[in-house]
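Here's a quick briefing to read alongside the structure. Have the chains open in your viewer and follow along by topic.

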Amino acid sequence: MPWTKVYVDKSEFEKAAQLQKEGLRGLTFREALKEATSQMMEKDERVFVMGEGVDDPGGIFGSTQGLHKKFGKERVIDLPIAENGMTGVAIGAAMAGMRPIFVHMRMDFLPMCMDQIVNHAAKWCYMTGGRTNVPLVIRSIIGKGWGSAAQHSQALQALFMHIPGLKVVMPSTPYDVKGLMVSSIQDGNPVMFIEHRWLYEQIGYVPEEIYTVPIGKGIVRRQGKDVTVVAISNMVYEAMKAVQPLEAEGIDVEVIDPRTIKPLDEELIIESVKKTGRLVVVDIGWKTCGVSAEIAAVVAEKAFKYLKSPVKRVALPDVPTPNSPVLEDAYYFDYKRIVNCVIDMFKGV
Amino acid sequence: MVKSKKLIKTAAKKSVRLATEKGINSIPAKTLKELYETMLRIRRFEEKIIEVYPVQEMKTPVHLCIGEEAIAAGVCIHLRKDDYIFSTHRSHGHSIAKGSDMKRMMAEFYGRKTGCSKGKGGSMHLCDPENGILGSTAIVGGGIPIAVGAGLASSMKGTDTVSVAFFGDGAMDEGTFHESMNFASLKKLPVIFLCENNFYATNSPQSARQPHDNIAMRAEGYGMPGVQVDGNDVVAVYEAAKEAVDRARAGGGPSLVECRTYRWKGHVGPDCDVEKGCRPRDEHEMWLKKCPVERTRKLLLENKIMSEKEMEKLLDKINKEMDEAVEFGRSSPFPDASELFDDVYYGEK
């Protein structure tokens, strides 16, 4: 199906487009995100965008570019540099009937809002016995490379996955980013919407109309029978790149993209592990207490007897992001690490 | 140094005079009676808690507002049902003054299903959405930006509802106060920043935390009107709040109102903390003499607005309400243990 397919590069998509003579509209991840926002703002006057720089010429790496011209600065609001306070403002506006989308150009700015996100947004519905709710989308973008270093590159999804009351969404394809944005706006709960900067140029099939992708449902990106690779966000692409080299080794890989990590589609992962008997989790964050730790724990608790070998994790080492290209290379990994990890698993290493 | 101190004093005196010079003649007798009734109701509500607390059936940390009743009464009398208030851990008085059902409040304290937050919130997390109380937070300063957000929603929707943020002098130390003042002023939002300055954050005196004791003066830096009043003088509070609420409702933007008052009981619990050496005895005694309820009582008697007999009748009525509220709370069913998992997310059980 065109909407579930991951196009590893643009030429592959163009090939696919030629094959599908009709109905395949290609958009970048960035365009799909902006389209979802724009269409939802047209459809629902309660929806508005707020964030530092949302109306500047760059428009948050293009994802909000020009929206202020279409909807006015009253609905595309540039903000003071006051992340925690402005998160409170977004919460109050949400509770009083609006549907804010608060955009952070870097995920690294979210630790400044932890009080309002963790103590307030996440708990308000519960604390009031369900008599109020916080329909708020908080977008944040993970950077990588070119010396972004320790404060412009963090992937902090695990922090939010820990907190009851939040939902955490990490789309990897243009189709999903649009559908999940629509779902997040309509959800009625605080949704952490996490985007990897390197996904912005990805091209894929995106229908013109408004559609939803359900929060809490993962997807099998490639079916295989020998090993389950669960990959988060842009690691889906690295996992897909690992498929062929592993096929050459005689290993048939199943790739799962959870798409949302809270709630996590445990059933999809467990069913896959029951079939393959092996699990590798690939995350873009740190290893300790990370998403990979949680997924490994879920499988250990619920599908241990199906495992033919210990679970393996491919994640970032427990150090802050360095600057030097040499150190960056040592810190980050690509599909080759996944390939080696799977080969080691089959060797029993 | 000396010069600046002098300046502050002059400014403080000036604003005090401005707020009180109108006197009771400007307030209808009916309104004065209503103010007294609300204050007495708050006083008796808190005293009822002290009465029933020792048997340890009410398992929730209570932050009593005895001594501070004039503020809740003098502010909320200007509010409509659809106006928002956001309160703190010390929120009983605000909820009562805004018209919350005391039965559901007591039931909440007793952890019952019929509680205003279905037994999920307790004393620090009261809500009454139909009455504009979207919730209260126990994180100091946490509710201020949320109140601003509700003001933003009113402004975006084009309604004339206003939003009141109640907070103490402790919240002045928090960044959220300053972030919120800045944004509300920038966007001319219909917000009333209502500081109940009781001179202590738990047991830390204001002098240990702030360079001067004039909170109202902070308004000037943010380009909004600020006024300081005697928070134990219900007439002064009434006048200052009226001006601020009217201004906000008419689109004139936010105001800061500092009401100086004193907490009779300890930070938390039914006891006085003076015995423990938390606050100076003479200071405490001085403030007991400034009892806001007694002061209003005298005012009404002297001006023949109410007779002793009417007051006795009123007290009987209120005492009966308290008995009924406690009885309702104690006899209400507890939530079922299975309800633990309800209301974490809106729209899901």
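Inside chain A, 25 residues of domain 1 are in contact with 22 residues of domain 2. Keep in mind that this is a predicted model.

- Domain 1 of chain A runs over 10–205, and domain 2 over 219–347.
- Their C-alpha centres lie 25 Å apart.
- On the side of domain 1 of chain A that touches domain 2, the elements giving two or more residues are helix H6 (157–161), strand S6 (167–169) and helix H7 (174–187).
- By class, that side of domain 1 of chain A has 15 nonpolar, 7 polar and 3 charged residues.

**Where chain A meets chain B**

- This contact takes 34 residues from chain A and 36 residues from chain B.
- On the chain A side, helix H4 (83–95) and helix H5 (114–127) each supply at least two residues.
- The largest share of that side comes from H4(A), with 10 residues.
- Sorted by class, the chain A side splits into 16 nonpolar, 15 polar and 3 charged residues.

**A closer look at H4(A)**

- H4(A) has 13 residues, and its first and last C-alpha atoms are 18 Å apart, close to the 18 Å expected at 1.5 Å a residue.
- H4(A) is mostly covered, with 13 of its 13 residues buried.
- Just after H4(A) comes A:Gly97, with a positive phi of about 110°.

**The largest nonpolar core**

- The largest nonpolar core has 206 residues, and the ones touching the most other members are A:Val282, B:Val164, B:Val237 and B:Val257.
- Helix H9 (residues 234–249) of chain B gives the most to this core, 10 residues.
- Domain 1 (10–205) and domain 2 (219–347) of chain A both contribute residues, so the core lies between them.
- Which residues does B:Val164 contact, leaving aside neighbours within four places in sequence? They are B:Val75, B:Leu79, B:Tyr84, B:Ile85, B:Ala147, B:Ile192 and B:Leu194.

**Chain B overall**

- Chain B has 12 helices and 8 strands.
- A compact globule of 349 residues would have a radius of gyration near 20 Å, and chain B agrees because its own value is 20 Å.
- The C-alpha trace of chain B spans about 60 × 50 × 40 Å along its principal axes.
- Of the 349 residues in chain B, 52% are buried.
- Taking contacts in chain B with a separation of 6 or more, 76% come from residues 24 or more positions apart.

- H6(B) is mostly covered: 14 of its 15 residues are buried.
- B:Glu174 sits in the loop between strand S3 (163–168) and helix H7 (175–186) of chain B.
- Is B:Glu174 buried or exposed? It counts as buried because it has 21 C-beta neighbours inside 10 Å, where the cut-off for buried is 20 or more.
- Not counting residues up to four places away in sequence, B:Glu174 touches B:Val140 and B:Gly141.
- B:Glu174 and B:Gly142 are 32 residues apart along the chain, yet their C-alpha atoms are separated by 8.7 Å.

**Backbone details to check by eye**

- A cis peptide bond joins A:Lys262 and A:Pro263, with omega about 0°.
- A:Pro263 lies in the loop between strand S12 (260–262) and helix H9 (266–276) of chain A.
- A:Ala149 isn't a glycine, but has a positive phi of about 60°.
- You'll find A:Ala149 in the loop between strand S5 (137–142) and H6 of chain A, and it counts as partly exposed because it has 16 C-beta neighbours inside 10 Å.
- B:Asp343, not a glycine either, has a positive phi of about 75°.
- B:Asp343 is in the segment after helix H12 (308–331) of chain B, and its 22 C-beta neighbours inside 10 Å are why it counts as buried.

Terms used
Residues are numbered from 1 along each chain as its sequence is written. Chains are lettered from A and ligands numbered from 1 in the order in which they are written. This is a predicted model: local features need pLDDT of at least 70, side-chain atom pairs count only at pLDDT 80 or more; totals for chains, interfaces and linings use all residues. Helices (H or I, at least four residues) and strands (E, at least two) are DSSP runs, numbered from the N terminus. A residue is buried if 20 or more other C-beta atoms lie within 10 Å of its own, exposed if 12 or fewer, and partly exposed in between; C-beta atoms are placed from the backbone. Two residues are in contact if their C-beta atoms, placed from the backbone, lie within 7 Å. Ala, Val, Leu, Ile, Met, Phe, Trp, Tyr, Cys and Pro count as nonpolar, Asp, Glu, Lys and Arg as charged, and the others, Gly among them, as polar. Domain bounds come from an automatic or database domain assignment. The expected span of a helix is 1.5 Å times one less than its number of residues. A nonpolar core is a set of buried Ala, Val, Leu, Ile, Met, Phe, Trp, Tyr and Cys residues joined through C-beta atoms within 7 Å. The radius of gyration is taken over C-alpha atoms; the globule rule is 2.2 Å times the number of residues to the power 0.38.
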